[in-house]
Amino acid sequence: MKYDFENISPRFGTGSQKWQEMKNNPLVTDKVIPFSVADMELKTAPEIVEGLKNFIDNNILGYAGSNKKYRQSVCNWMKKHHDWEVKADWLIETHSVVNAFFTAIKAFTKKSDGVILFTPVYYPMYKAIEINERKLVEVPLINNNSAYDIDWDLLENKASEPNTKMLILCSPHNPCGRIWTKEELTHISEICLKNDVFVVSDEIHSDLIMPSFKHTSYGTLSDEARQNCMVCTAPSKTFNLAGMQLSNIFIPNEKYRKLFQAEQATDADFSCSILSYEACRLAYDYGEDWLQQLITLINTNKQIVIDFMHEYFPQVKITELQATYLLWLDFRAFNLSFKELEKINREKACLYFDEGYIFGKAGEGFERWNLACPTKYIKSALTRLYNAYKTFAVK
């Protein structure tokens, strides 16, 4: 089947915040879509839609909990796509991966304990640390123009501090789209095991891997690493199901699993909705072809942006997109403040990116571009970008 990746459903008035913020701009036309928040401007796979319609026709939409078919689908997906033979009793459902690392911080650390982040990074991770009164331990990534690398000496130093108790690892990394290699992950695990630092591995983008690259799940590294981690996955990014509010969290270590569940209980944060379990099952059982065509689309959109920038704005550095549908672009050569960039993007070019500064100070001057949309909107956006920044163009 060839899927419809050419048409969208405008989301004004549906509660979509990223669409609604464009509403006040009189320059926004029906050719403008947002490229910000990480959900897709693409129709849900018909296998999921039709499956949910059938489910609704034949079931009562009452309270629900986890069920055997759903759990088996999740386990099968992890085995097939990530070569990790997980056990069903390791699996805990949460309403989102963000919920999961908020709960993990409360379950596995105390107030004032240090939590390591590789920065710039997904902004709710900062919030989870701040709101729960833990200490942010930054290990800034080394920007090598087309890729980011880990500062191993700094990581060793920060992990060895007595109050450092957790690393929240974004794997693949958001916003820079970096896949950590098996060797890098192994080194991280060795440092964390040596220093008794628990690892929360956010792998929500791990199914969105560009051609020729491979993701390694943290849970596959070693028995020791597996017992010292929590791995967070979800169908939400992979299949554009964020609104279903279900994530699949794996905690192999029974002690940590019980601590996590006890903390969940304090928030009455238990089962998800009956439709979310079914949507996840349908996605994992029948969504393979849709996903492969999606990855082809993202790769195409990525290359169009790269070719355009190379021709007109070669001073804009683009981090190699190894995973996710989020392209990380460095506009600092324009010598504009991050607020000036945002103003030009929104008021002149009608470009609604996620501005880099929301990912931390190291993101100032960057833009995160969501590529999960029909290609025609990427091309239209590039025309507007050229017109807004043509004084910086080389031709």
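**View 1. Leu-329 has Glu-367 in S13 as its bridge partner.** The model is predicted: local features need pLDDT of at least 70, side-chain atom pairs count only at pLDDT 80 or more, and totals for chains, interfaces and linings use all residues. Residues are numbered from 1 along each chain as its sequence is written, and side-chain values use heavy atoms, without hydrogens or water. S11 and S13 (residues 366–370) pair in the antiparallel sense over five bridges. Strands are DSSP runs of E, at least two residues, and helices are runs of H or I, at least four, numbered from the N terminus. Two strands pair if DSSP finds at least two bridges between them.

**View 2. S10, S11, S13 and S12 form, in that order, an open antiparallel sheet of four strands.** S10 and S12 (354–355) stand at the edges. Each has a single partner strand, so one side of each lacks a neighbour in the sheet.

**View 3. Gln-322 sits in the loop between S10 (317–318) and S11 (326–330).** Gln-322 counts as buried because its relative accessibility is 9%; the cut-off is under 20% relative accessible area (1.4 Å probe, protein chains only). Its side chain makes a polar contact with that of Glu-320 (3.0 Å). Such a contact is a pair of N or O atoms within 3.5 Å; within protein, one must be able to donate a hydrogen and the other to accept it, and residues adjacent in sequence count only if both atoms are side-chain atoms. Leaving aside residues up to four places away in sequence, Gln-322 touches Gly-177, Arg-178, Ile-179, Ile-209, Met-210 and Phe-213 (heavy atoms within 4.5 Å).

Technical notes
Buried means under 20% relative accessible area, exposed over 50%, partly exposed in between (1.4 Å probe, protein chains only).
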